[in-house]
Amino acid sequence: MDESRPIFVQIAELIENDIIAGALPEETQVPSTNEFAAFHRINPATAGKGVNVLVDDGILYKKRGIGMFVASGARERLVAKRRDRFQNEFIAPLIVEAEKLGIDKTQVIDMIRKEGTA
Amino acid sequence: MSAVVEASHLTRRFGDTTAVDDISFSVQKNTIHGLLGRNGAGKTTLMQLLTGQDFATRGEIRVFGENPVENSGVLKNVCFIKESQRYPDEFKPRHVFTSAPWFFPNWDAAFADRLIADFRLPLNRRIKKLSRGQLSAIGVIVGLASRAPLTFFDEPYLGLDAVARQIFYDRLLEDYGDHPRTVILSTHLIDEVSNLLEHVLVIDEGKLLIDEDAESLRGSATTVVGTRQGVDAFVADREVLHRDGIGGLASVTVGRLSPQDRARAAEMGLELSPVSLQQLVVRLTGSTQTETALEQSA
Amino acid sequence: MSTVTRTAPTEPLADGHDAGNRILAVVRLHLVNRYSVFAVPWMIMGGIFIVNLTIWWIIFASVTNESDRADARDGISYSGALFYIFVYMLVLGIQAVAYTFPFALGFSVTRRDFWLGSALTFITLSAVYSAGLTILAAIEVATDGWGLGGTMFASFYFGGADASWLERFGLYFATYLFFYFVGAAIATIYQRWRNNGMLALFGTLGLVLIAGIALVSFTSSWPAVGAWFDANGPSGVIAWSLAPTAIAAITGYFILRRATPKN
C-alpha cells in the first residue's frame with residue numbers, strides 16, 4: 001500500500017488491474033469486501049469505499065443477496081481510460097527522465113523499438 | 001451515524017500534572033479508531049476516563065448517550081483491555097475465560113477457543129508464571145471474544161512478538177468485518193495498524209492534536225528532497241513541518257501537495273516521498289525545537 | 001457498506017433485569033477459583049485440628065491424676081485454635097478487594113455491583129463455614145472432646161459446652177463477618193489512597209490505641225475495662241463487634257466508590 005494516496009483509491013486500482021489482466025472476467029463474482037479487507041489487511045470500511053467507487057463508475061454491480069459482479073464491457077472501458085492516462089502517467093515522466101540524462105527523443109524512440117518483440 | 005462516545009472539555013489533573021487537557025471529540029459507531037501519541041501523552045488516562053475507571057476533574061463524557069461512571073447499563077457493553085491488567089492470585093487463564101461470559105453478554109466461546117489455539121495459550125498454567133506475551137494474549141483474547149459493542153485496546157500487545165501481533169490484527173479485522181463494533185486502539189506501533197484505522201486521534205501532553213479520518217491524513221504531508229536551493233525555492237511559501245539535510249541535499253517535509261504542485265516539483269527535478277502516518281505523528285509529537293542527531297526521518 | 005456480507009453488528013443490549021445478574025456474576029467470580037475459598041479453609045482447619053488432636057493425646061496420655069486432668073480440660077476449653085481460621089477470612093477479605101476488585105473493574109463491573117456482590121458472597125460463605133463449625137462443635141460436645149477431652153470448636157469464646165447450636169452459629173457467623181468486612185475495608189483504603197493511605201490508617205490506629213491505653217491508665221480504669229468484658233462475656237463482645245462490622249461494610253463502600261485502578 002502506497003503511503004501517499006488514499007487506500008480506497010488503491011484498492012479500486014488493484015481490482016481494475018485484475019479486471020484488465022483478465023483475472024476477474026466479466027460477469028463473474030468478485031471477492032466480498034471482508035475478503036478484500038482481510039487479504040490486504042485493511043479496514044473493511046475502506047475496502048467497501050474502494051468497491052463503491054467502481055460501482056459508481058459502472059465497473060462493478062451488485063446482485064442482491066449474492067454479491068458484487070464485474071459489469072459487461074468493464075474491461076473495455078477500463079482499457080480506454082488507461083489509454084487516455086498512458087500519455088501523462090508513463091510518457092511524460094519518461095521524457096523528463098530522458099532529458100535529465102541527456103537522451104534525446106530520437107534515441108528514446110530507438111530504445112523503444114529495441115525493446116520487446118511486438 | 002450516531003456517536004457512541006462523546007467527550008466534551010474533558011480534563012484530568014493529578015495534583016500539578018494535567019494528564020488530559022480540555023479534550024473534546026466524538027467517536028462514531030462501528031468504526032476502528034486509533035488513539036496515538038507518546039508515552040505519558042494521556043492515552044491511558046483518557047481511556048480510563050471514558051470507561052468510568054477514573055474520574056474526570058472537569059468536562060463531560062457520554063458513552064451510548066449516558067455518563068459511564070458507575071453505570072452498569074452502559075458498562076456491560078464496554079470492554080477495556082489494558083496492558084497493566086491485574087489478575088487475582090492463583091488465577092489461571094481458564095478461570096479468566098470461564099468468568100468472562102458472565103460479564104460480556106455477547107461473549108463467543110467458540111471464537112475464544114480458536115484464539116486460545118492461535119496464540120498457543122496454556123490454560124492451566126498460573127498467570128504468575130506466564131510470559132509477558134502470554135499475559136498480553138489473555139487480554140487480547142478477552143477483548144476480541146467479548147464482542148462488546150465498544151471495545152478499547154490499550155497497547156495490549158506489549159510482549160507479543162510480530163507473528164502474534166499479526167494474528168491479532170488479522171483476527172480483529174476478520175471479526176470486525178463479520179460483527180462490526182466500535183474499536184478504539186492505542187498504540188506506538190503506528191505503521192502496523194495504520195491500514196486498519198478509519199479515524200485517528202493524536203494526543204500529545206494531554207491535548208488533542210489531530211482528530212481526522214485516516215484517509216484524509218494520508219498524503220497530508222510530503223517530503224521534498226533535492227538540492228538545497230531547489231527545495232528552499234519550492235517550499236518558500238509553505239508551512240514546513242520538518243527540515244533535514246546532509247551536505248548539499250535538503251529534505252523538507254511540508255503539507256499536502258496538489259497535483260499541480262507535484263508536477264512543478266517534478267519539473268524542478270525534486271523527488272517527492274510520502275510521509276507515513278507514523279512519521280507524521282513522530283514529527284508532530286517529537287521535540288519541535290531543536291533538530292538533534294536522533295531526529296532522522298523514521 | 002453497500003456490499004453484501006453477513007454482518008451482525010453488535011448492538012448495545014437493553015438494560016432491564018441485568019443489574020441483579022451483574023451482582024450474581026461477581027459472586028461467581030469470587031468462587032471461580034474453588035481452591036482458595038473451599039479447599040484452603042478446610043485444609044487450615046484440618047491442619048490445626050490434627051495438631052490439637054496430637055497435643056490433647058499427649059497431654060492426656062501423660063497426665064494421669066484426676067484433678068490435674070480436670071484442670072487440663074478446663075484450660076483447654078480456652079483454646080484459641082479457631083483464631084487462625086478467622087484470620088484466613090481476614091485474608092480473603094483483603095484479597096477480595098486487593099486482587100479481585102482490579103480484575104472485576106477490568107470486566108467492566110461497577111464498584112457498587114462489586115461491593116454488593118462481594119458482600120453477598122462472603123456473607124454466604126460465612127454462613128456455610130459457620131454451619132460447618134457448628135456441626136463440628138456439636139460432634140465435639142457429643143463425643144466429649146473427640147474422645148480425648150479436647151476442645152477446639154466449642155471453646156469458651158464460642159459458647160462453651162452448653163450453648164445452643166443457634167447461639168453458636170450466630171457467634172461464628174458474626175466473627176466471620178467482622179473479619180471479612182474489616183479486611184475488605186482496610187484493603188479499600190489501599191485501593192483509594194495507596195501507601196499514604198495505609199500509613200495514615202496504621203498511624204492513626206496506633207495513636208488511638210496508645211491514647212486509649214494512656215487514658216485508661218491515667219484514670220485507673222483497667223478494672224472497669226475488665227469488668228465490662230466480664231459482664232458481657234464472649235457472646236456479648238462478639239455481639240458488640242457487629243457495630244464495627246457494619247461500619248466497615250458501609251465506609252468500605254464509600255471509600256471504594258472513588259478508587260481507581262493502579263496504573
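**Exercise 1. Work out how confident the predictor is in chain A, and which helices have the lowest and highest mean pLDDT.**

Step 1: start with the average. Chain A of this predicted model has a mean pLDDT of 88, pLDDT being the predictor's confidence in each residue, from 0 to 100. A score of at least 70 is reached by 98% of the residues of chain A.

Step 2: go element by element. Helices (H or I, at least four residues) and strands (E, at least two) are DSSP runs, numbered from the N terminus.

A quick note on the bookkeeping: residues are numbered from 1 along each chain as its sequence is written, and chains are lettered from A and ligands numbered from 1 in the order in which they are written. As this is a predicted model, local features need pLDDT of at least 70 and side-chain atom pairs count only at pLDDT 80 or more, while totals for chains, interfaces and linings use all residues.

**Exercise 2. Find the stretch of chain B where pLDDT stays under 50, then describe the chain's domains.**

Step 1: chain B has a mean pLDDT of 89, with 96% of its residues at 70 or more. Residues 288–298 of chain B are where pLDDT stays under 50. For that stretch the model has 9 contacts beyond four places in sequence; a contact means that two C-beta atoms, placed from the backbone, lie within 7 Å.

Step 2: chain B splits into domain 1 (3–216) and domain 2 (222–274), with bounds from an automatic or database domain assignment. The centres of these two domains of chain B, taken over C-alpha atoms, are 39 Å apart.

**Exercise 3. Is B:Glu205 buried or exposed, or in between, and what is its phi?**

Step 1: B:Glu205 sits in the loop between strand E8 (199–204) and strand E9 (207–213) of chain B.

Step 2: check the backbone. Phi of B:Glu205 is near 50°, a positive value in a residue other than glycine.

Step 3: count neighbours. B:Glu205 has 16 other C-beta atoms within 10 Å, so it is partly exposed (20 or more would be buried, 12 or fewer exposed, and partly exposed is in between, with C-beta atoms placed from the backbone).

Step 4: C:Ser108 is in the loop between H4 and H5 of chain C, and has a positive phi of about 60° although it is not a glycine. C:Ser108 is buried, because 25 other C-beta atoms lie within 10 Å.

**Exercise 4. Describe how H7 and H8 of chain C cross.**

Step 1: the axes of helix H7 (residues 165–218) and helix H8 (residues 222–256) of chain C come within 7 Å and cross at roughly 75°. Axes are lines fitted to C-alpha atoms, for helices over the stretch in contact, and angles run from 0 to 180 degrees between N-to-C directions.

Step 2: that angle makes H7(C) roughly perpendicular to H8(C) (65 to 115 degrees; under 35 is roughly parallel, over 145 roughly antiparallel, and the rest oblique).

Step 3: look at C:Trp165, a residue of helix H7 of chain C. C:Trp165 counts as partly exposed because it has 14 C-beta neighbours inside 10 Å. Not counting residues up to four places away in sequence, C:Trp165 touches C:Thr134 and C:Ala138.
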